[in-house]
Amino acid sequence: MFHMMAALAEFERSLISERTRAGMAAAKARGCRVGRPRALVHQQIVAARCALLCHGMAAGALARDLGVSPRTLQRSIAALDGGMCRDCPGAGVDGLGDGRRQTSLSGETGGP
Ligand SMILES: [Zn+2]
């Protein structure tokens, strides 16, 4: 007896999820966005990538300013098509270059 009730409940559950999927498909066909809204718009992500890569801004501070987690920021930038932005005059030269030079300096210890 209990088995039959469980089987019926499972059947009903599958009907519900089928209806949910059908509703989502219909909404997509109408042109609605399904699911959670994006945390950042495209313009914000492009500006964030510029601040991060061209101007050497810290990812943590940037994420805090935008009100998202560092992981969300990282994921959004990775999903952007294209590499560095070309609008910046000092793209990729200032921030990253100085950082690398400093790390190589620390390994350099003077002789006697
Ligand atoms: Zn830039």
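Axes are lines fitted to C-alpha atoms, for helices over the stretch in contact, and the angles between their N-to-C directions run from 0 to 180 degrees. The model described here is predicted. In this model, the axes of helix α3 (residues 59-66) and helix α4 (residues 70-79) come within 8 Å and cross at roughly 95 degrees. Because angles of 65 to 115 degrees count as roughly perpendicular, α3 is described as roughly perpendicular to α4. On the α3 side, the contact is formed by Ala 59, Gly 60, Leu 62, Ala 63 and Leu 66, which meet Pro 70, Leu 73 and Gln 74 of α4. Six of the residues in this contact are nonpolar and two are polar, with no charged residue.

Helix α3 also packs against helix α2 (residues 42-54), the two axes coming within 10 Å and crossing at roughly 155 degrees. Since angles over 145 degrees count as roughly antiparallel, α2 is roughly antiparallel to α3. The crossing of these two helices is right-handed. Gln 44, Ala 48, Ala 51 and Leu 52 of α2 meet Ala 59, Leu 62 and Leu 66 of α3. This contact comprises six nonpolar residues, one polar residue and no charged residue.

The mean pLDDT of the chain is 79, and 74% of the residues score at least 70. Among the elements, α3 has the highest mean pLDDT (94), whereas helix α5 (residues 94-106) has the lowest (39). Residues 91-108 have a pLDDT below 50, and this stretch makes 13 contacts in the model beyond near neighbours in sequence. Where pLDDT is low, predicted coordinates should not be read in detail.

Notes: Residues numbered from 1 in each chain as written. Predicted model: local features only at pLDDT ≥ 70, side-chain atom pairs only at ≥ 80, totals over all residues. pLDDT = per-residue confidence, 0-100. Helix = DSSP H or I, 4+ residues; strand = E, 2+ residues; numbered from the N terminus. Contact = placed C-beta atoms within 7 Å. Parallel < 35°, antiparallel > 145°, perpendicular 65-115°, else oblique. Nonpolar A, V, L, I, M, F, W, Y, C, P; charged D, E, K, R; others polar. Left-handed = near helix turned anticlockwise from the far one by under 90°.
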